[in-house]
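Subject: Structure handover

Hello,

Here is the structure for you to open. My notes on what turned up follow below it.

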There are 2 protein chains.
Amino acid sequence: MHIAHLGFSLLLLFLSVGVAAKNDTLDAAASDPKNLGLMQGFPPPPDKLVTQPDSNFFSFPKLRWTVCHFRELLPTEQVSRGIGAPVPLEYNLNEAAIDALTFTPMGSSETMTWEQSLAANYTDGMLIIHQGKIVYERYSGCLNETGKHGAMSMTKSMTGLLAEILVVEGKLDDNALVSSIVPELADSAFGSATVRQVMDMTTGLAYSEDYSDPDADIWIYSRAASPLPKPPGYKGPDGYFEYLQTVKPEGNHGDAFHYKTINTDALGWIISRVSGLEVTELLSERIWRRMGAEQDAYITVDGKGTPFAGGGLSAGLRDLGRIGLLMLNEGEINGQRLFPSKVVANIREGGSKNAFAKAGYTTLEGGSYRSMWWLLHNEHGAYAARGVHGQTIFVDPKADMVIVRFASYPTAKNEKIDPTSLPAYQAVAEYLMLD
Amino acid sequence: MHIAHLGFSLLLLFLSVGVAAKNDTLDAAASDPKNLGLMQGFPPPPDKLVTQPDSNFFSFPKLRWTVCHFRELLPTEQVSRGIGAPVPLEYNLNEAAIDALTFTPMGSSETMTWEQSLAANYTDGMLIIHQGKIVYERYSGCLNETGKHGAMSMTKSMTGLLAEILVVEGKLDDNALVSSIVPELADSAFGSATVRQVMDMTTGLAYSEDYSDPDADIWIYSRAASPLPKPPGYKGPDGYFEYLQTVKPEGNHGDAFHYKTINTDALGWIISRVSGLEVTELLSERIWRRMGAEQDAYITVDGKGTPFAGGGLSAGLRDLGRIGLLMLNEGEINGQRLFPSKVVANIREGGSKNAFAKAGYTTLEGGSYRSMWWLLHNEHGAYAARGVHGQTIFVDPKADMVIVRFASYPTAKNEKIDPTSLPAYQAVAEYLMLD
């Protein structure tokens with residue numbers, strides 16, 4: 001039974017499900033883990049414990065503690081920053097003016113201030129960088145400036161970025177069939193897909209998420225991914241790699257965008273095979289050690305030590321700000337080039353809008369998905385890494401702006417969170433462009 | 001069954017047992033995890049996997065990989081270095097001369113060179129600091145300069161140092177009864193012991209380590225400490241704190257030195273209760289953030305998030321060198337005082353030699369144990385943190401020398417490792433004093 005619980009907890013890490021926010025849901029202040037007393041005391045009282053896997057550690061409100069503490073519940077691998085001195089980010093704070101900005105949430109007739117939007121979204125960390133300098137920085141909930149927060153599916157954008165770097169460097173052919181790079185996947189649905197289709201999630205994969213069906217793929221995947229020992233008699237796949245080999249086809253590759261985390265796990269396998277490095281090592285060598293990072297990051301692993309390329313990253317707020325700056329400045333940071341500008345150009349070009357439209361994202365109409373990044377295709381050329389419960393790295397090239405937000409919104413779905421987020425980002429962008 | 005396996009693995013982390021080194025034991029080069037191919041490939045072949053808990057991850061030779069990768073197998077808590085710039089250690093390398101030094105191992109008639117001793121001890125990292133500068137630094141096996149290695153029972157010396165700091169600062173009365181600080185321990189054997197008896201491990205505790213007895217205390221402790229979910233129907237203690245409350249008395253407090261890890265777990269509880277901080281947080285705030293550390297460290301946790309104060313630390317080689325310098329320089333490093341010199345004076349004063357002698361440590365005759373540090377009481381005033389499989393921070397005040405060694409010797413017992421270590425350290429000390 002405990003394995004099933006863990007499965008449920010793990011899948012909530014990256015899927016668009018979760019406890020629905022009801023009218024009586026605790027607000028941001030009331031659900032602050034410090035105010036709830038979660039994991040405080042020696043030992044914490046039984047009702048304040050957040051443990052793995054019994055206590056539903058990834059359900060609201062406990063998730064508000066968990067998002068800063070994944071490593072205390074799960075085995076992890078380091079993404080090393082190396083041992084040199086960090087390169088501090090510069091400041092040009094303008095927080096009072098930004099707090100007072102107003103915007104109209106999607107589907108609403110009433111305006112909201114920026115400051116109100118922070119609590120509305122259960123924000124744990126907010127960073128705004130304009131013209132290369134931090135203009136706004138806030139920590140709340142479980143997070144502080146030396147803490148790390150779950151990036152959730154923003155992990156995918158790191159994996160996609162690494163893949164795109166290898167593509168531009170000529171080390172990975174995005175037109176190649178997956179089976180030519182990872183022969184172990186030849187008999188799975190991935191085998192006949194191109195690397196690009198995996199990168200853009202236009203593969204045709206049978207992957208059911210019917211939670212009421214105990215044989216649904218999501219449960220099999222979740223049990224495979226669990227780092228806990230398999231129960232006696234367990235016959236299913238063990239680990240991400242074994243699971244991926246079992247995925248069956250459904251529909252045609254290339255027809256439509258289907259947001260399925262297993263694509264990123266397959267991409268993680270591809271870039272590890274090509275580079276000879278684990279995703280953690282590749283992310284460290286290509287990015288984290290070279291961007292002036294101030295903290296190591298980490299990624300959760302399965303029972304065989306394979307990093308969860310689709311959702312396992314935790315990192316510091318300002319370090320994800322550095323990622324945003326790297327994207328905004330097309331591969332450069334601190335006066336150094338980390339990868340060719342074509343990497344960002346390829347991502348910004350976007351994926352198929354037609355394929356994307358079929359997925360029906362109401363808050364992202366007209367957008368696309370490319371190399372595991374979300375393109376808004378708006379007038380500002382904005383694009384983003386996104387993760388459940390409100391995580392984002394939002395890059396606005398026209399406004400020369402990066403926003404990083406960590407959050408622990410009660411429900412996972414970004415369609416609940418976007419209405420008070422995307423218009424807010426646009427309002428800040430327009431304000432900053434007045435400078 | 002898997003829980004029992006895990007128990008066995010976990011207890012090997014800190015107890016003086018292990019697989020006996022036989023004549024056909026692989027030597028250091030042959031058992032190098034890179035040469036064995038452990039955890040290499042995507043995925044690693046089944047016989048090269050090191051997993052938790054099935055594959056005996058802490059038995060030789062797999063332990064040679066595991067000592068650098070505990071966080072990939074167990075949940076952990078960070079010991080943050082903060083986000084400032086590290087303070088690099090200075091160098092005055094003299095490696096060739098040190099490699100050529102000879103010494104006579106205890107109980108042997110043949111000499112050995114320093115360089116030979118590295119392989120004889122399955123050394124993973126060796127650092128020698130003299131007059132404040134690194135004169136020797138080597139990495140082998142699983143370790144490199146940006147890696148971390150299990151400190152094993154050297155963790156105890158960190159916990160003991162923190163306690164001694166609180167004592168000298170007047171925040172912890174070492175004459176107080178444990179029950180007055182942690183009332184939850186009042187009915188256990190710890191309740192009637194003084195804090196000092198816990199710090200010096202002269203408590204009288206019933207704690208059996210008869211591995212053939214499934215009801216032995218070591219098994220109960222191990223099951224309690226496991227971060228894995230408890231099996232259905234499990235009725236035993238859950239976590240370090242619950243286990244400690246069950247410990248019964250045996251003999252009188254103060255009579256003799258009994259090396260029992262549970263003393264350190266109790267001390268961890270004491271210093272957390274007094275400081276309001278977890279051991280990880282206290283170690284970060286008092287030491288790691290202030291000594292110019294170049295890497296975060298981490299400590300494994302039980303299923304309730306309690307750090308393993310008795311053995312769970314992993315850290316970088318040079319960061320433990322900074323700990324050694326802090327001790328050598330009586331609380332100062334980088335021109336800053338981190339704690340009063342009396343802290344080190346108290347430790348160097350030593351514990352009861354009489355109590356220590358009763359424990360029968362053949363390689364440490366005439367020594368003592370104080371605040372979780374091992375005193376040699378030799379002419380150099382040397383003292384050490386020590387951990388199974390060959391871990392040490394060896395401080396030689398007379399020679400103005402610190403040695404840090406990480407190792408993965410096939411057997412846990414330091415009495416097997418000391419004969420080619422302690423005389424070697426003395427030889428280096430004497431050589432360096434010629435300067």
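Start with the two copies. Chain A superposes on chain B by a rotation of 180 degrees, with 0.0 Å of shift along the axis and an RMSD of 0.0 Å. Contact here means heavy atoms within 4.5 Å.

Some ground rules. This is a predicted model, in which local features need pLDDT of at least 70 and side-chain atom pairs count only at pLDDT 80 or more, while totals for chains, interfaces and linings use all residues. Residues are numbered from 1 along each chain as its sequence is written, chains are lettered from A and ligands numbered from 1 in the order in which they are written, and side-chain values use heavy atoms, with hydrogens and water left out.

Domains

Chain A is divided into domain 1 (2–75), domain 2 (90–163 + 277–432) and domain 3 (167–263). The bounds come from an automatic or database domain assignment. The centres of domain 1 and domain 2 of chain A, taken over C-alpha atoms, are 23 Å apart. Their contact takes 29 residues from domain 1 of chain A and 26 residues from domain 2 of chain A. Together these two domains bury about 2100 Å², 64% of it on carbon and sulfur atoms. Buried area is the accessible area (1.4 Å probe) that two parts lose on being put together, summed over both. One salt bridge is found across this interface.

UniProt, in an unreviewed entry, places the feature "domain: Beta-lactamase-related" at residues 126–411 of chain A. UniProt positions are in the numbering used here, feature names are shortened, and annotations may be inferred rather than shown by experiment. Over residues 126–411, chain A is 31% helix and 19% strand, and the end C-alpha atoms are 19 Å apart. Helices (H or I, at least four residues) and strands (E, at least two) are DSSP runs, numbered from the N terminus.

Salt bridges

How many salt bridges are there over all chains? The count comes to 42. The rule: a side-chain nitrogen of Lys or Arg within 4 Å of a carboxyl oxygen of Asp or Glu.

A:D99 and A:R138 meet in one of them, at 2.7 Å, N to O. A:D99 sits in helix 4 (residues 95–100) and A:R138 in strand 6 (residues 133–139) of chain A, 39 residues apart. A:D99 is buried, at 9% relative accessible area. A:R138 is partly exposed, at 26%. Buried means under 20% relative accessible area, exposed over 50%, partly exposed in between (1.4 Å probe, protein chains only).

A:E294 pairs with A:R322 at 2.8 Å, N to O. A:E294 lies in the loop between helix 12 (279–288) and strand 10 (297–300) of chain A, and A:R322 in helix 13 (residues 317–328), 28 residues apart. A:E294 is buried at 6%, and A:R322 is buried at 1%. Both belong to a network of salt bridges that also links A:E137, A:E145, A:R318 and A:D319.

In chain B, B:D124 bridges to B:R64, with the closest N and O atoms 3.0 Å apart. B:D124 is in strand 5 (residues 123–130) and B:R64 in helix 3 (residues 63–66) of chain B, 60 residues apart. B:D124 and B:R64 are buried. In chain A, A:D124 and A:R64 form a salt bridge, their closest N and O atoms 3.0 Å apart.

Best wishes

Conventions: Least-squares fit on C-alpha atoms with pLDDT ≥ 70 in both.
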